[in-house]
Amino acid sequence: MGVEDRRAQRSREILDATRELFEHRGVREAQIDDIAKAVGINRAIIYRHFSTKEELFAMTLVDYLKEIDQAFCSVRNNSLTPIAELRHIAHAFFTYGMAHPAFVDCAQSLLRFRGTELVDEIRAEPLMKLGAAMNLCMDHMVEVFERGTAMGEFSVTDPRLLANVIYTQGLGFLNLVHFQKSVSEVAEGSPVMLDLPVDRVLALAIDAVVAVVTMPYSES
């Protein structure tokens, strides 16, 4: 095995250990020292492969995004109406996020940065891989938006921008699901926390995605 192959293998081991910790402890509880211990290396070696913690998180997110792309591929069906196909894509995204709360936390941890700040935290090559993985997922929505607009079912003037909006909005819905509570009112001025009706939230989230693309002048 050559030097580059060994380096790639080590990077893969680090990413696998990072994801396992994310899944079992959560993103906030995963520490670099814990990841190093799981791989059997010291933390300095991790920083030889990933220049910052944010870069490690970004490359872990790439793995999640590749799985989401596969989930989208499995539900795509051009014989459906654009609205029906969009519902399948939205359902695939939300159910994946509900099953993988660490994906949501990982994605949100990077969204806390401004774009200009993220460039300072992640080198160009990993950042390109992250952008490519995001675009791979968004391509599915873009294709359905364009088909639906051509058929007169949707009103979308900037499909790529709208895909970005729906992705970010979807993470917000998933945050609510993971919070597991909704705020209601038993009497005026008396708030109360209730168990979240997850199935109802999922249905509303999918309806919201469809509503955004079907309302007139949705992006004006």
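User: How do helix 6 and helix 9 pack, and at what angle?

Analyst: Begin with the angle and the axis separation. In this predicted model, helix 6 (residues 101-111) packs on helix 9 (residues 159-179) at about 125°, and their axes are 10 Å apart. Helix 6 is therefore oblique to helix 9, and the crossing of the two is left-handed.

User: Which residues of helix 6 and helix 9 meet?

Analyst: From helix 6 they are P101, F103, V104, A107, Q108 and L111, and from helix 9 Y167, T168, L171, G172, L174, N175 and H178. The residues of this contact comprise 8 nonpolar, 5 polar and no charged.

User: How many residues of helix 6 are buried?

Analyst: Burial is read from relative accessible area, with under 20% counted as buried. Helix 6 is mostly covered, with 8 of its 11 residues buried. They are A102, F103, V104, C106, A107, Q108, S109 and L110.

User: What do the buried residues of helix 6 pack against?

Analyst: Their partners are helix 1 (3-25), helix 4, helix 5 (82-99), helix 7 (115-121), helix 8 and helix 9.

User: At what angle do helix 5 and helix 9 pack?

Analyst: Helix 5 and helix 9 pack at about 45°, with their axes 10 Å apart. An angle under 35 degrees would count as roughly parallel and one of 65 to 115 as roughly perpendicular; helix 5 and helix 9 are therefore oblique to each other. Helix 5 passes helix 9 in a right-handed crossing. F93, F94, G97 and M98 of helix 5 make the contact with Y167, G170, L171, F173, L174, V177 and H178 of helix 9. By type, the residues of this contact are 8 nonpolar, 3 polar and no charged.

User: How do helix 8 and helix 9 cross?

Analyst: The axes of helix 8 (residues 124-150) and helix 9 come within 9 Å and cross at roughly 120°. The crossing is right-handed. Helix 8 contributes M134, N135, M138, D139, M141, V142, F145 and E146 to the contact, and helix 9 contributes P159, R160, L162, A163, N164, I166 and Y167. Here the residues divide into 10 nonpolar, 2 polar and 3 charged.

User: Which residues of the largest nonpolar core touch the most other members?

Analyst: To read a core, look at which members join it together. The largest nonpolar core has 63 residues, and those touching the most other members are L61, L65, F93, F94, F103, F145 and Y167. Helix 4 (residues 53-75) gives the most to this core, with 11 residues.

User: What is L61 in contact with, beyond its neighbours in sequence?

Analyst: Leaving aside neighbours within four places, L61 is in contact with F103, C106, A107, L110, L130 and Y167.

User: Where is V209, and what does V209 touch?

Analyst: V209 is in helix 10 (residues 198-214) and is buried, with a relative accessible area of 4%. Apart from residues up to four places away in sequence, V209 touches L86, A90, F94 and I166. The C-alpha atoms of V209 and A90 are separated by 7.2 Å, although the two residues are 119 apart along the chain.

User: What share of the contacts in the chain joins residues 24 or more positions apart?

Analyst: Such pairs account for 68% of the contacts with a separation of 6 or more. Buried residues make up 41% of the 220 residues in the chain.

User: What is the phi of Q180, and where is Q180 found?

Analyst: Most residues other than glycine have a negative phi. Q180 has a positive phi, near 70°. Q180 is found in the loop between helix 9 and strand 1 (181-187), and is exposed, with a relative accessible area of 53%.

User: How many helices and strands does the chain have?

Analyst: The chain has 10 helices and 2 strands. From the N terminus on, the order is α-α-α-α-α-α-α-α-α-β-β-α. Taken along the principal axes, the C-alpha atoms fill a box of roughly 55 × 50 × 30 Å.

Definitions and conventions. Residues are numbered from 1 along each chain as its sequence is written. This is a predicted model: local features need pLDDT of at least 70, side-chain atom pairs count only at pLDDT 80 or more; totals for chains, interfaces and linings use all residues. Side-chain values use heavy atoms; hydrogens and water are left out. Axes are lines fitted to C-alpha atoms, for helices over the stretch in contact, and angles run from 0 to 180 degrees between N-to-C directions. Helices (H or I, at least four residues) and strands (E, at least two) are DSSP runs, numbered from the N terminus. Angles under 35 degrees count as roughly parallel, over 145 as roughly antiparallel, 65 to 115 as roughly perpendicular and the rest as oblique. A crossing is left-handed if the near helix is turned anticlockwise from the far one by less than a right angle, and right-handed if clockwise. Contact means heavy atoms within 4.5 Å. Ala, Val, Leu, Ile, Met, Phe, Trp, Tyr, Cys and Pro count as nonpolar, Asp, Glu, Lys and Arg as charged, and the others, Gly among them, as polar. A nonpolar core is a set of buried Ala, Val, Leu, Ile, Met, Phe, Trp, Tyr and Cys residues joined through side-chain atoms within 4.5 Å. Buried means under 20% relative accessible area, exposed over 50%, partly exposed in between (1.4 Å probe, protein chains only).
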